Amino acid sequence: MCSGKNFWETKAVERLGVASFMVTDGPHGLRKQAGESDHLGLNASVPATCFPTAAAMACSFDPSLMHRMGAALGEECRTEQVGIILGPAANIKRSPLCGRNFEYFSEDPLLTGEIAAGLIAGIQSQNVGTSMKHYLANNQERARVSSNSVVDERALREIYLAGFETAIKKAQPWTLMCSYNMINGTYASDNKRLMSDVPRGEWGFEGAIMTDWGAMNDRVEAIKAGLDLEMPGPSDGNDALIVQAVREGTLTEAQVDACAARITELALRVAQNKVTAYDQDAHHELARQIARESAVLLRNGTALPLQKGANLAVIGDFAKHPRYQGAGSSKINPPRITSLCDAMDERKIEYTYAQGFAAEGKPDDALVSEAVKSAKEADVVIVMLGLPDSFESEGFDRTHMNLPENQNLLMAELTKTGKPIVAVLSTGAAVVLPWREQVDSILLMYLAGQNSGSAVLDLLLGDANPCGKLAETWPLALEDTPCHGFFGNKGNVEYRESIYVGYRYYDKASREVAYPFGHGLSYTEFTYSNLKLSTSELGETDTVDVCVTVTNTGDRAGKEVVQLYAAPPTEGIFRPVRELRAFTKVSLESGESKTVSMTLNRRAFAYYDVNAKDWRVDSGVYAIEIGASSRDIRLTQSVTVHGVQPNPAINADVPAYCYPGSVWPVPKEQFERVLGHPVPPERSIRPFTANSTLGEVQASFAGRMFYKMIQKNMAKQFGGGNSEGMEEFAKIINAMLEDMPIRQLAMMSGGSMTPAVVAGLVDMMNGHYLWGLKKMKG
């Protein structure tokens, strides 16, 4: 019961009536592979609704809408007899460069946890399980299987664990998925504190924990840590190690039983399901609604909403061939795709079209000239821009924040026409927009799913009013990001910025940004008034109710996300200027007012005390701030919170964390004081071990030969894919292979690379050829 039967299924115990069940990729749609299996999203999967990705859906700030999306995902899982969908992904957006940011919700842990909880509860309402991932501190793709995330305890607790904590306490996902990387020197799969003590002991997590595909390091240590299921299977070699450890007394039967019992419980839950059908048209329409509710109007001039009868020019490859999802293991095979041009044609809206650029092409003067000609003849120019597939994917990170050169060159020429330009962006993460002040409007869709074209048209015409808010800060330049210089490293990845992720850094450092966290405009206007607190003082067990009136002062209906931030006193340990502590979305007709309320408990005013190993609240006067973004605070009121006496002396040795605008990045010695110990030395390449990467072992003759063999096998394994898939595969594989530990290749071997084979290979790479052969044969 402790390992999978194959790539996507668990084992059955027929004599006990315990059936096998299927797990499969998500998290914004079902990716069930009916034929040949792979974990990279290349081989064909069954048709399934492609909903907006997490980067988009988080901008809805609407957990109830996520519940509806989750229920739809659960329905599709039941139709395809899938027991657990592998998602949602709750990793924090530490840098805009992470190649998998489109799968992640936010830079903020509260928003991450609330949106994840809504999605999880919706999926599990259909008696289909979820696997919240990638747990933990897996915030980059480069060297994700071999790097060591060096993170201080405050940052772990306040930023990286907090989203998982919220979702577990609110929605109880059936499973957690452990990540590949090490956290402070220990692989996630071996980490008892993170696998058991924190989630099960502190948060009350009741489910099972599985590995990411190939993330198992030491099977016996993982059992001790409380990691239940190794995927994929078969893993006969590691199963044998469990048996051997029990016989030798280094592992107890009770520890193995606990893991097996949790997997058995999952199997019994899944077995209750019956195959049911779902309404494909309804899910297509739901994808449209979620895309509309998640779209963020970054900039608004006079062109939107479009006037009836306006002469429209539609420009951009993405207008006909939309970028609607990311690449990798979450790549969905939608039954239909609606582009902007499709939607306009269906509604018989007249327009002229010019390609302008090729999504994966180089600058083309002919395409630009055609686009400029079309723009000059139009009243309004709609340009569909964004990042192509090759720019962001599982397996590799971006190296810059720029749009492709051909798109920026096109925009430079279009802005010279003097025509009002509406830029519609399809990206998985923040990008730099050198022309952002020269266009009329910017509508951000992120990656908005299979019905994104209909959603874009609804918003352009004003049939829907934009109401999304940014779930991440958009910086002006890559160099402005708090982890710049300490992201994408191999070996040790130092989280020197500590708790200063996203707006927590930009606001503390008073650094100008392109668009702040929580920003989003509307076709109407909202005012805030009558901020009231239920108490002016907060004791040990008290809560405070916060009420505020929101009024739609514009001429059309709309929705507003009311954001509540808590701002701590300046005395005491270093902290952000403000932190999001609650939010609510309110729908208002023109001229309508509503009073909304939010409740804060003591945790909203707390930070993690690493010495006490608990949450601590310092006494003082805190500000309750109501805003439309982290930089647009409309109302403020104070509350006195009673706690422990602040200790300002704690900051003496870490001035960079107190005043990040003056000294950044943080000097190593100050980071080590916050970390509590020296940054570990980088691991030596020799002698080689099972955790040595394929890039490292090429320093030996045997390693080079082995690497060539792996490349050949990969080409053979995926040789039947289509040309698009092969190109995508090559980019992913080339980025991943060199950073892949030898032990992880067992995932692709179908069980032939047993622990003995791996040990033999390592010996041979270390020059001990006879020993190695003996181990492999033995």
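I began with the largest cavity, which holds about 100 Å³ of space. A cavity here is a set of points, on a 1 Å grid over the protein atoms alone, where a 1.4 Å probe fits but cannot get out. Its volume is the space filled by probe spheres set on the points, with grid points joined across faces, edges and corners.

Before going on, I noted that this is a predicted model, where local features need pLDDT of at least 70, side-chain atom pairs count only at pLDDT 80 or more, and totals for chains, interfaces and linings use all residues. Residues are numbered from 1 along each chain as its sequence is written, and side-chain values use heavy atoms, without hydrogens and water.

I looked up the lining of the largest cavity and found Lys 93, Arg 94, Glu 472 and Tyr 506 among its residues. Lining residues have an atom within 4 Å of a point. By class, this lining has four nonpolar, four polar and four charged residues. Ala, Val, Leu, Ile, Met, Phe, Trp, Tyr, Cys and Pro count as nonpolar, Asp, Glu, Lys and Arg as charged, and the others, Gly among them, as polar. In the whole structure I have eight cavities of 30 Å³ or more.

Next I turned to the second largest pocket, with about 740 Å³ of space. A pocket is an open set with protein on both sides within 12 Å along at least five of seven lines. It is lined by 27 residues, and Leu 110, Glu 114, Thr 166, Lys 170 and Arg 581 are the closest to its centre. Strand S22 gives the most to this lining, seven residues. Helices (H or I, at least four residues) and strands (E, at least two) are DSSP runs, numbered from the N terminus. I sorted the pocket lining into 12 nonpolar, four polar and 11 charged residues.

Then I checked Phe 102, in the loop between strand S2 (84–86) and H3. Phe 102 is buried, at 0% relative accessible area. Buried means under 20%, exposed over 50%, and partly exposed in between (1.4 Å probe, protein chains only). Phe 102 and Glu 392 are 290 residues apart in sequence, yet 8.4 Å apart in space, C-alpha to C-alpha.

I found a cis peptide bond between Met 231 and Pro 232, with omega about -5°. Another joins Trp 664 and Pro 665, with omega about 5°. Lys 348 is not a glycine, but its phi is positive, about 55°. Lys 348 is exposed, with a relative accessible area of 73%.
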